[in-house]
Amino acid sequence: MPGILLMCLAYLLFAMLDSSAKWLVLAGLSVLQVSLVRYAGHFLISTVLICRGGLSLSRFRTSMMSLVVLRGVLLMLTTVLNFMALRYLPLTLTSTIMFSAPIIVCALSGVFLGERVGVWRWSAIVAGFLGILIAIRPFDAEFHPAVLLSLSNVTLFAFYTLLTRKLAGVVAIQTQQFYAGLVGTLVLLPFGVWSWQIPESSQEWLILLLTPLFGWLGHECITRAHGFAEASMLTPFSYSFIIWMTALSYLVFHHPPDRWTLLGAAVVIVAGLVIWFRERRRILQ
């Protein structure tokens with residue numbers, strides 16, 4: 001139960017991060033500015049944690065530095081693309097698209113990780129992509145080109161997930177987090193400073209400064225959740241993200257989800273759960 005609660009809390013924090021970013025960019029702040037603050041805070045927190053208990057250069061070293069840096073670049077790009085898409089799209093739609101990531105990972109895992117993908121999982125992959133098409137309605141008059149930003153974001157996030165799998169057990173989590181914050185901060189620094197706009201109110205300052213905390217604390221909750229329960233038990237509760245995003249979309253931005261987004265989200269969730277079930281069964285066998 002503690003693991004399940006921490007998992008749901010993590011995705012609530014991620015939903016609050018996306019909602020905060022959307023609120024800030026709609027208020028007139030630059031996407032690059034918000035992204036810079038998010039990664040600068042991430043870098044600061046990660047630096048404090050990795051140096052806790054003494055400064056040791058071994059914690060900063062890794063034989064897979066190029067992959068660690070590439071992972072940081074991919075994560076930074078997903079954040080920027082996501083924040084750009086949030087300016088134009090409802091939270092419910094971006095969250096539905098985001099949850100096609102496990103489906104894309106499953107489709108690519110055979111090529112990049114050498115994992116066997118059977119008929120059931122391929123069927124779920126196809127169904128998941130149909131769910132995305134239902135949600136985004138590419139041939140509908142209400143289709144917004146910002147959907148392409150969200151689709152690019154989820155594709156890059158899938159590659160980020162594959163890299164994280166490859167580095168798991170080889171590079172310490174704190175080391176990966178440190179370089180993710182460092183890479184994001186260094187890349188975004190000139191662009192964020194160039195586009196910097198001073199927040200007009202104390203409320204904007206507060207929300208801006210809370211964004212890195214939401215992101216870091218969400219990852220911390222996920223890490224601690226896996227100390228209480230196995231991933232196979234916790235994975236289905238990641239879909240609480242769509243519930244939180246739907247609630248915040250309605251309460252903060254007065255955007256109730258339409259029936260097509262709900263139907264598409266339902267198809268994506270079912271497809272993701274089928275992939276999870278087949279993966280769990282394969283591991284248990």
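User: Does Tyr11 count as buried or exposed?
Analyst: First, a heads-up: this is a predicted model, where local features need pLDDT of at least 70, side-chain atom pairs count only at pLDDT 80 or more, and totals for chains, interfaces and linings use all residues. Residues are numbered from 1 along each chain as its sequence is written, and side-chain values use heavy atoms, leaving out hydrogens and water. Buried means under 20% relative accessible area, exposed over 50%, and partly exposed in between (1.4 Å probe, protein chains only). Tyr11 comes in at 15% relative accessibility, so Tyr11 counts as buried.

User: What kind of aromatic pair do Tyr11 and Phe14 make?
Analyst: The structure holds 5 aromatic pairs. Rings of Phe, Tyr and Trp (its six-membered ring) pair if their centres lie within 6.5 Å; planes under 30 degrees apart are stacked, over 60 edge-to-face, and the rest tilted. Tyr11 and Phe14 have ring centres 5.5 Å apart and planes at 80 degrees, so their pair is edge-to-face.

User: Which helix holds both Tyr11 and Phe14?
Analyst: Helices here are DSSP runs (H or I, at least four residues; strands are E, at least two), numbered from the N terminus. An α-helix has 3.6 residues a turn, so residues three or four places apart point the same way. Tyr11 and Phe14 are 3 residues apart, about one helical turn, in helix α1.

User: Which residue joins Tyr11 and Phe14 in a ring cluster?
Analyst: Contact means heavy atoms within 4.5 Å. Setting aside residues up to four places away in sequence, Phe241 touches Tyr11, Phe14, Ala15, Asp18, Ser95 and Phe99. Ring pairs link Tyr11 and Phe14 into a cluster with Phe241.

User: Where is Ser249 found?
Analyst: Ser249 is buried, with a relative accessible area of 1%. Beyond neighbours up to four places away in sequence, Ser249 touches Leu91, Thr92, His254 and His255. Tyr250 sits in helix α11 (residues 240-253), and Ser249 is also found in helix α11.

User: How many Å separate the C-alpha atoms of Tyr250 and Thr92?
Analyst: Not counting residues up to four places away in sequence, Tyr250 touches His255 and Pro256. Thr92 is 158 residues from Tyr250 along the chain, yet their C-alpha atoms are separated by 9.3 Å.

User: How many helices does the chain have?
Analyst: Of the 285 residues of the chain, 47% count as buried. The elements run α-α-α-α-α-α-α-α-α-α-α-α from the N terminus on. With 0 strands, the secondary structure comes to 12 helices.
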